[in-house]
Amino acid sequence: MLAIFGSAVANAPQELSSPCSTKEIEESRKSGGEILDTFMKETHNAIQVTLCDVGGMAYTHHKQALLTPRSFAVIDGVFCMFQGTLENLTALRQEYGLTKNVNEVMLIIQAYKTLRDRGPFPADRVLASLNGRFIFVLYDTNCRTVFVAQDCEGKIPLYWGLTRDDSLAFSDAPEILKASCGKSFAPFPAGCYFSSNMGLKSYEHPLQKLKPVPRVDSHGQALGAAFKVDMAQRSQEPMMPRVGSEANWAQSI
Amino acid sequence: MLAVFHGNVANAPQELCSPSSRPDERKPGLQILETFTAQTPGAVRLLIRDVGGMAYTHHKEALLRPRSFASVDGIFCMFQGNLENLATLRQEYGLGKSITEVMLIIEAYRTLRDRGPFPPDKVVADLDGQFTFILYDSTNKNIFVALDGEGKVPFYWGTAADGCVAFSDIPEVLESGCGKSFAPFPTGCYFSSHMGLQSYEHPLQPLKPILRVDSQGQRLGAEFEVDMGKKDLKKQESMHRVGSEANWAESI
């Protein structure tokens, strides 16, 4: 699966961009639209969604793992791609008051909508309650928000990178990003989430900051940085900021 | 909204293709889709490889007939309008209060496909209101398109240069893409890959093409109307008897 978002909706951390950008590497990098087109041409039974001026998503059920299937859903302007399984799906359905026919991807959309509209607790709490192996990429057209997360174990690979036009790309196939983002790509940190408003955060250790870890290839050239939780440093922000009733809760996602 | 489907998924009636349509005035299906996306502000486009695509926008939508799009379990659906009996239908299908019109259409289609408790004309006839919808099921490569009995929501269909079938609520889109090979979609009817064009208001009557000409006297794509004088002999036995091994999904 592949998702690309323009810099207008998703600002990647600077460390994801590789400082080693020779002319050859720069020429091999592609724009967001080109990556999506290549994916569509090279992938069997691919389905692509182009979101106006924002980017797009593409996925296929071809060669998907039996125990970690891919799924896609759109409900009320919220587009979501999900891969993996949730072990506590039944309990979560009950918690959110959903029917038996609700699958993983629909549950993620419902959980996000609850978070966006009512915000009963912080985003890290919602994600921490998801039990299983999973990755998901969600885009909300109503408030132009990207929301991406990976489970704590990181059993399902997820990568992110920067394209030539500074779009942010997410994929479960490293070859796609290697061919199109040059050296400006890295594995997405396990137990973390990325959103348009909050940037990259750890939901496993919500009070700790994330630090970039430099990576180099076999030729000693710097790649896009990986991110790890810095257990020594604490985030200064209070957990539940006090705001007046007129404040927009959706901005804390 | 706009949907384009290849000939291998949807075969439009021959009468929809105008004999006086010049090749240069028609575009291939995907080009129509690209033009629509490029010219429409806030357009969202869905491309399905070897099948076609869909595109929609909330730009300039009617206040009382909003457009909506949903996708669940490989079923993609665009809906325009509203259902007056939505609450009753939610109860009938055992759905929650948060279910919107477009989600209900997907659920109704799935019930029809998987369990087939009654014929499709009964399901569509149960929908009360001003509506039009385009549904594509990627599981069995089936399309299902319908328009309400009053035809209050404008809806058109046409054939593209490469034999694709195009559906849209904007006539200008099809006029520029399909040339003269387009026509208003018949009210009170549905179109599906397996069953072709059928009337759900008069399920036992066949549909007859009505020739249309423009101001220059050139033939346009034919319109379809229910032929009240004839009865479709195939449909006389409304619920045909089949063995348990038969695929019910093919009667949609």
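## A tour of the predicted model

Select T159(B) to begin: with a relative accessibility of 8%, T159(B) falls under the 20% limit and therefore counts as buried. The model is a predicted one. T159(B) lies in strand 8 of chain B, which covers residues 156–159. Now show its surroundings, leaving out neighbours within four places in sequence: T159(B) is in contact with A12(B), L16(B), C17(B), R26(B), C164(B), C178(B) and S181(B).

Next, go to F167(B). Along with F5(A) and F170(A), F167(B) touches the most other members of the largest nonpolar core, a set of 64 residues. Beyond its neighbours within four places in sequence, the contacts of F167(B) are M1(B), L2(B), A3(B), F5(B), I134(B), I143(B), V145(B), F155(B), Y156(B), W157(B), F185(B) and F191(B). In soluble globular proteins, nonpolar side chains tend to be buried together.

Then display two helices of chain B: helix 2, residues 86–93, and helix 3, residues 101–114. Their axes are 11 Å apart and the packing angle is about 35°. The crossing of helix 2 of chain B past helix 3 of chain B is left-handed.

Which residues meet where helix 2 of chain B packs on helix 3 of chain B? From helix 2, pick L86(B), L89(B), R90(B) and Y93(B); from helix 3, pick E101(B), L104(B), A108(B) and T111(B). Coloured by class, this contact shows five nonpolar residues, one polar and two charged.

Conventions:
Residues are numbered from 1 along each chain as its sequence is written. Chains are lettered from A and ligands numbered from 1 in the order in which they are written. This is a predicted model: local features need pLDDT of at least 70, side-chain atom pairs count only at pLDDT 80 or more; totals for chains, interfaces and linings use all residues. Side-chain values use heavy atoms; hydrogens and water are left out. A nonpolar core is a set of buried Ala, Val, Leu, Ile, Met, Phe, Trp, Tyr and Cys residues joined through side-chain atoms within 4.5 Å. Buried means under 20% relative accessible area, exposed over 50%, partly exposed in between (1.4 Å probe, protein chains only). Contact means heavy atoms within 4.5 Å. Helices (H or I, at least four residues) and strands (E, at least two) are DSSP runs, numbered from the N terminus. Axes are lines fitted to C-alpha atoms, for helices over the stretch in contact, and angles run from 0 to 180 degrees between N-to-C directions. A crossing is left-handed if the near helix is turned anticlockwise from the far one by less than a right angle, and right-handed if clockwise. Ala, Val, Leu, Ile, Met, Phe, Trp, Tyr, Cys and Pro count as nonpolar, Asp, Glu, Lys and Arg as charged, and the others, Gly among them, as polar.
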